[in-house]
Amino acid sequence: MLAADNCEGKHKVTLEGHRFRWAWTVALLCFVIAGSTGALLRFGTLWGFPAGLHLFNVRHAHSHLMYFGWVTPALMALIASRLPQMGARTTDAAFNRVLRALFAAALLAYIPFLLFGYQPVSIGDANIPLAMIGAAANVLVWYAFVWSYVRATSHLRRSTPLRLWDASLVFLVLASLGAWGLALGGILSVDSPLLSLALTHVFLDLFADGWFVLALLGLVFGAFPQSAGSRAAYWGENLLVIGLPLTFLLSLPATALPPTVRILAGLSGALVAAGLFTILYALLPAAYRQRRWRWIPPLAFLGLKALAELVISFPAGALWANQLALRISYLHWLLLGFVTLGLAAAAIDRWGPAAARGNAWLVASVILVLLTLIPLTRLWPPSLAGRWALEAAAWATLGPVLVALFMCAMLLKGNDAHLWPINKKRARELQPQPTE
């Protein structure tokens, strides 16, 4: 009987304790590719692009793989790995199929984005928009994840993490409507720059602020269950969900919007900022009291994002931020500072320190990248600017890439072959055997 208990315990450690960690490893590899493409973007701006690549195509490939191959599958793997603990009716097989399809679609979209961008490719007598087809394949896989999630959790009582994940997936679907709208506008040859810009930001802003932020906050509250039941968490969650749908309007030129619409957009941004500050009030003291230092940097960057959201809620603040060219810095505060560092912290909470060895170096390298972006804004005195700032930003982009590569190497070095879903024989061998 003891042997059986030992066998069962080993099974829990090797299989249950590492559920979907294979997907985390692949997502990190996608981060390495996407981050290397971002470095290519910086270096190419300085010294030219190799092999006939173009700046806009490289930028599209970088951003799309970061969204499709890094953040989205990492979030989905972390969410799926938490569901069984909440009593979800789920099987690993369904989510493994979705995650494999997601990585395939992300990488298949990356290549045409890198080579051709949004331009159609001539194949025989046909002009085929390969990048758009790849992007559409990603969207269909997202829907498959949403369907699997709904089936797995429909019977559960909605806790704070589940409510945030529910809302995040609603915003994921809403964001995808912006992408479908852009594709339909291209097919119908709709010539409206403002409409195209609006649909672009429906996709980009609801995807980042809705799907990314809400899904990751669900993981954070899963890591701090005491804070999840607080009134601050409740009010913060509601303020976010109420404010988020119209925040994409803040990315449009204020002069192009009727005054009433701009007021509604500003109110939405203020609600989102208030919700984020309220949630930070619930989370930051808990992280400090429990000495879980890995959560402090991402939450601090979330506070910076909340402050920026509040500033641009006012037309004068939005004009000021635009004049200082702060948008690139803002996106990196959110996507590198909060999302990437938050994913690493969530992976350590779920799969242990081995999931993100060298996390402190990742934090340091991300902060360095963000610091080197400051001289590229108009916050920096023009007299101190120069080519050195572009070179510093380019070299700094290699830091997170090298750290992520090290994390991947440590994960692959471990004896984890039995954790990969493709190795079904080895997984069956590790199943606990019944004993008399």
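The model is predicted, and local features need pLDDT of at least 70, side-chain atom pairs count only at pLDDT 80 or more, and totals for chains, interfaces and linings use all residues. Residues are numbered from 1 along each chain as its sequence is written, and side-chain values use heavy atoms, with hydrogens and water left out.

Helices are DSSP runs (H or I, at least four residues), numbered from the N terminus. Axes are lines fitted to C-alpha atoms over the stretch in contact, and angles run from 0 to 180 degrees between N-to-C directions.

| Helix pair | Axes come within | Crossing angle |
|---|---|---|
| α7 (residues 193–223) and α13 (residues 327–351) | 10 Å | roughly 30° |
| α14 (residues 359–373) and α15 (residues 387–396) | 9 Å | roughly 160° |

The axes of α7 and α13 cross at roughly 30°, which makes α7 roughly parallel to α13 (an angle under 35 degrees). Their crossing is left-handed, meaning that the near helix is turned anticlockwise from the far one by less than a right angle. Residues in contact (heavy atoms within 4.5 Å) include F212, V213 and L216 in α7 and L334, L335 and F338 in α13. By class, this contact has 14 nonpolar, two polar and four charged residues. Ala, Val, Leu, Ile, Met, Phe, Trp, Tyr, Cys and Pro count as nonpolar, Asp, Glu, Lys and Arg as charged, and the others, Gly among them, as polar.

Helices α14 and α15 are roughly antiparallel to each other (an angle over 145 degrees), and their crossing is left-handed. Here L368, V369 and T372 in α14 meet A392, A393 and A396 in α15. The contact of α14 with α15 has five nonpolar residues, one polar residue and no charged residues.

Key
Helix = DSSP H or I, 4+ residues; strand = E, 2+ residues; numbered from the N terminus. Parallel < 35°, antiparallel > 145°, perpendicular 65-115°, else oblique.
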